Amino acid sequence: MSNNQGIAPVYDNRGFQHEESRPPPYSPQNAMYPALPQQTPSYVATTLGPSINTHHTVPPEMIHNTGQRKGPKRCNSRRILCVSLCVVLVMAVVGILLWYFLYYQCLLGKSCRSGGKCLSSSQWCDGVGDCPNGEDESQCFRLHGTNFILESYSPGNQMWMPVCAEKWNDDYGKTVCEQMGYMRKDYVTSSQTSAGSLASKGYMKLKPESTYKSNIQSQLMYSQSCSTRAIKLNCIACGVSEAAPNTRIVGGTEAVNGAWPWQVSLQNNGQHFCGGSIISPYWILSAAHCFQDRYSNPGSWRVCSGDLNTPLTFTSRVKPVCLPNFGLDISPGYPAWITGWGALRSSGPSPNMLNQAQITIYSRDECNIPQVLDGQVTQTMICAGKLQGGVDSCQGDSGGPLVVKEGNVWWLAGDTSWGIGCAWKNKPGVYGNVTYFADWVHGEMQEN
């Protein structure tokens, strides 16, 4: 956490290291994050097929007039042969194009990421696992907005719709939360709320014969109306802090103990190396580049949180932050908070106390102008800081949280990734866009 504008080298927040340079961010060879689709559950393969030559090259002797007279039969035979070859060529090209677009690229359906199997739209979220790794049934539920409205994907309508509360109870809620990657024991509650404009196209409603003991999405059907309201689903008590600051603070300051109960210190061989955020009792979200190369051995890592030295148990000082729901509006100009034990200035000392600072989220366009970050901020990133300089994350803050407060809870909008210097003018910090990777995160939680 830096509030100093001293001259410093470019940094990528690779833990508490003082390196002189870094590779270009998110280069194809060294991407920090996998390039995944944004919409769920539509996974469309983007691998390009073989190039197709659609031009028919005619040998020179077939187009030059030699002045020789040809008999009628020979001319007609040659014309028939040419037409036949053209027809065969056209049919071959059409066949290849049909295979490429209808199967390989799955133009009229959706492809499994593993194996490239093409499924019709109606096969996704129908309760039957068709993809080799079951991905067609793995992400069929999501939570929407600050009201945590439960939505289910409708394969028939090919859109997300709110789930009607008719026949719903906590047993269904626990099962759905488990399908989303959470533990049943961490379940909070299901309640009812207005779906508002989300219900303009209808609802997904439990069938009369449904039971929570089997796959939930196979028991939902489309309905234009709902006699009750939509489901509000809380899978885990997240985003609550009793000591987070309520007022604006200029520059980095020490945080009150327990103010950011999701912040952890990731220590390698006993030394602080990166930050991270608690998202469940079993999951810490951090930056991928913290664990590369010689730091990839899980046995050398230790998670330190609050006052505990044991596996995570939630207390007033140890709590999870909320993963961003779909539709959460984090607009440019929005205030955010960053925390960490990073250096107080470029190549400077690391503090013993957790530091905090309030920064501003900027638009990608504003950050990509030449005099700022010159086009380096992609859709997988969030740009935030102070354009006037003075407040920023720094070495050792990598992987730590960038949070925003909306609807009375704190949301994990980003994780500290890279920057140019620390707190330089016109060089705000860059953070991983957690919203972009939320589907991937839930997928990892489900599979493990």
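1. The disulfide (a pair of cysteine sulfur atoms within 2.5 Å) that links Cys274 and Cys290 is left-handed, with -95 degrees about its S-S bond. Distant parts of the chain are linked by this pair, 16 residues apart: Cys274 belongs to strand β13 (residues 271-280), whereas Cys290 sits in the loop between β14 (283-285) and β15. Strands here are DSSP runs of E of at least two residues, helices are runs of H or I of at least four, and both are numbered from the N terminus. The two sulfur atoms lie 2.0 Å apart.

2. The model is predicted, so that local features need pLDDT of at least 70 and side-chain atom pairs count only at pLDDT 80 or more, while totals for chains, interfaces and linings use all residues. Residues are numbered from 1 along each chain as its sequence is written, and side-chain values use heavy atoms, with hydrogens and water left out.

3. The whole structure contains eight disulfides, according to the search. One of them joins Cys238 to Cys322, with an S to S distance of 2.0 Å. Cys238 lies in the loop between β10 and β11 (253-254), and Cys322 in the loop between β15 (301-304) and β16 (335-340); the pair is 84 residues apart and links distant parts of the chain. The link of Cys238 and Cys322 is right-handed, with 95 degrees about the S-S bond. Cys238 counts as buried because its relative accessibility is 9%, and Cys322 is buried with a relative accessible area of 1%.

4. A disulfide is also formed by Cys394 and Cys422, whose sulfur atoms are 2.0 Å apart. Which parts of the chain does this pair link? Cys394 is found in the loop between β18 (381-385) and β19 (401-406), and Cys422 in the loop between β20 (409-420) and β21 (429-433), 28 residues apart. With 85 degrees about the S-S bond, the link of Cys394 and Cys422 is right-handed. Both Cys394 and Cys422 are buried.

5. Helix α2 spans residues 170-179, and its buried residues are Tyr172, Gly173, Thr175, Val176 and Cys177. These buried residues pack against β4 (141-144), β5 (149-154), β7 (189-193), β8 (203-206) and β10 (230-234). Just after α2, Gly181 has a positive phi of about 105 degrees.

6. An unreviewed UniProt entry annotates residues 150-181 as "domain: SRCR"; such positions are given in the numbering used here, feature names are shortened, and annotations may be inferred rather than shown by experiment. Over residues 150-181 the chain is 31% helix and 28% strand, and its end C-alpha atoms are 15 Å apart.

7. In total, the protein chain has four helices and 21 strands. Of its 448 residues, 49% are buried. Among contacts (heavy atoms within 4.5 Å) with a separation of 6 or more, 67% involve residues 24 or more positions apart. The accessible surface of the protein chain is about 22100 Å², and 53% of this surface belongs to carbon and sulfur atoms. Accessible areas come from the Shrake-Rupley method with a 1.4 Å probe; for residues, only the protein chains shown count as cover.

How values were computed:
Buried < 20%, exposed > 50% of the residue type's maximum accessible area, 1.4 Å probe, protein only.
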